[in-house]
Amino acid sequence: TRLKLYGRNERACSQKRWSASQHEPSSSPTNFWTTSAKAMGIGTFAGALGSMVGMGGGFVMIPLMTNRSLLALTQHQAHGTSLFAVAATGFAGALSYDGQVQWLDAATIAATGMVTAGLGARSASALSAKALKRVLGVLMLVVAPAVHIKPEVLQQQQKEEDQGNITCQRVAPALGIGMCSGYLAGLLGVGGGVLVVPALTLLTPCNHYEALATSLCAMVLPAASGTLTHFRAGNVALRGGIAPSLAVGACLGAYAGGQLAQNYIHDETTMRWGFSTLLVALGLRTLAKAG
């Protein structure tokens with residue numbers, strides 16, 4: 001009898017430890033819909049903000065997902081789940097830019113990004129939650145001023161492409177862009193648009209819209225690769241419909257935000273200041289929580 005009771009208690013304790021480590025919501029119908037609604041709301045809000053300033057919403061998603069009053073995910077789960085949404089948003093966004101994707105650049109960035117995204121995801125699993133928070137917080141503070149620098153960079157037009165030296169003109173820069181952006185995506189669960197779009201505009205013949213479309217298309221496979229690595233490590237929150245709801249919300253928010261920015265919001269400077277202020281606030285809060 002004692003052995004049976006010991007076995008039952010041990011299994012119960014193991015289940016409690018597993019549940020606590022995963023921070024997953026319960027499977028009750030009420031909690032499922034509540035959690036899904038929260039995740040979709042976060043995705044919609046982050047996707048809308050990101051699309052209005054030409055950036056991904058990962059920087060906004062992650063701090064909100066770790067908030068105890070919202071989803072209360074662990075830092076590692078927030079990074080992995082955000083990357084799941086990045087893959088979905090990239091696919092939907094690339095479809096919306098019909099005819100603008102530069103396939104050679106996208107394929108090159110995706111090929112190298114798939115390798116480094118997995119490495120970035122492994123690095124994230126190896127880091128402590130505090131270390132991840134510090135890295136994310138610092139990057140938010142670095143990206144905040146880039147919101148204002150980016151429009152100036154994107155206004156520069158690239159000189160005519162030398163067809164006889166296509167490797168140096170397009171493939172070589174795309175290889176470097178893919179390696180850096182892929183690792184960044186895997187490590188932090190962000191799309192890397194703040195790096196990819198300006199780099200494509202400066203280093204390749206892509207114009208602004210081609211750079212946006214190519215960046216979105218190129219990040220789908222690396223984000224999927226990083227998501228798979230995070231999933232194997234238990235860092236993608238699927239229970240409660242969190243990851244799918246987040247992805248759907250991000251797609252809807254990105255579309256709505258793009259339409260809003262193009263048709264109704266004409267003061268782009270104010271919009272960018274608002275987003276950069278939000279990044280600074282979230283970055284400081286993330287660093288403060290890291291201790």
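The model is predicted.

Q75 lies in helix 4, which covers residues 75-96. The residue is buried, because its relative accessible area is 6%, under the 20% cut-off. The side chain of Q75 makes a polar contact with the side chain of H79, at 3.1 Å. Beyond its neighbours within four places in sequence, Q75 is in contact with I62, T66, A129, L132, K133 and L136.

Two of these partners, I62 and T66, belong to helix 3 and are buried there. Helix 3 spans residues 58-66 and is mostly covered. Of its 9 residues, 8 are buried. Besides I62 and T66, the buried set includes G58, F59, V60, M61, P63 and M65.

A separate packing involves helix 5 (residues 103-126) and helix 10 (residues 220-232). Their axes lie 7 Å apart and form an angle of about 25°. Helix 5 is therefore roughly parallel to helix 10, as the angle is under 35 degrees. The crossing of helix 5 past helix 10 is right-handed.

From helix 5, the contact draws on I109, A110, G113, M114, A117, G118, A121, R122 and A124. Helix 10 contributes L221, P222, S225, G226, T229 and H230. By class, the residues of this contact divide into 8 nonpolar, 6 polar and 1 charged.

Terms used. Residues are numbered from 1 along each chain as its sequence is written. This is a predicted model: local features need pLDDT of at least 70, side-chain atom pairs count only at pLDDT 80 or more; totals for chains, interfaces and linings use all residues. Side-chain values use heavy atoms; hydrogens and water are left out. Helices (H or I, at least four residues) and strands (E, at least two) are DSSP runs, numbered from the N terminus. Buried means under 20% relative accessible area, exposed over 50%, partly exposed in between (1.4 Å probe, protein chains only). A polar contact is a pair of N or O atoms within 3.5 Å; within protein, one must be able to donate a hydrogen and the other to accept it, and residues adjacent in sequence count only if both atoms are side-chain atoms. Contact means heavy atoms within 4.5 Å. Axes are lines fitted to C-alpha atoms, for helices over the stretch in contact, and angles run from 0 to 180 degrees between N-to-C directions. Angles under 35 degrees count as roughly parallel, over 145 as roughly antiparallel, 65 to 115 as roughly perpendicular and the rest as oblique. A crossing is left-handed if the near helix is turned anticlockwise from the far one by less than a right angle, and right-handed if clockwise. Ala, Val, Leu, Ile, Met, Phe, Trp, Tyr, Cys and Pro count as nonpolar, Asp, Glu, Lys and Arg as charged, and the others, Gly among them, as polar.
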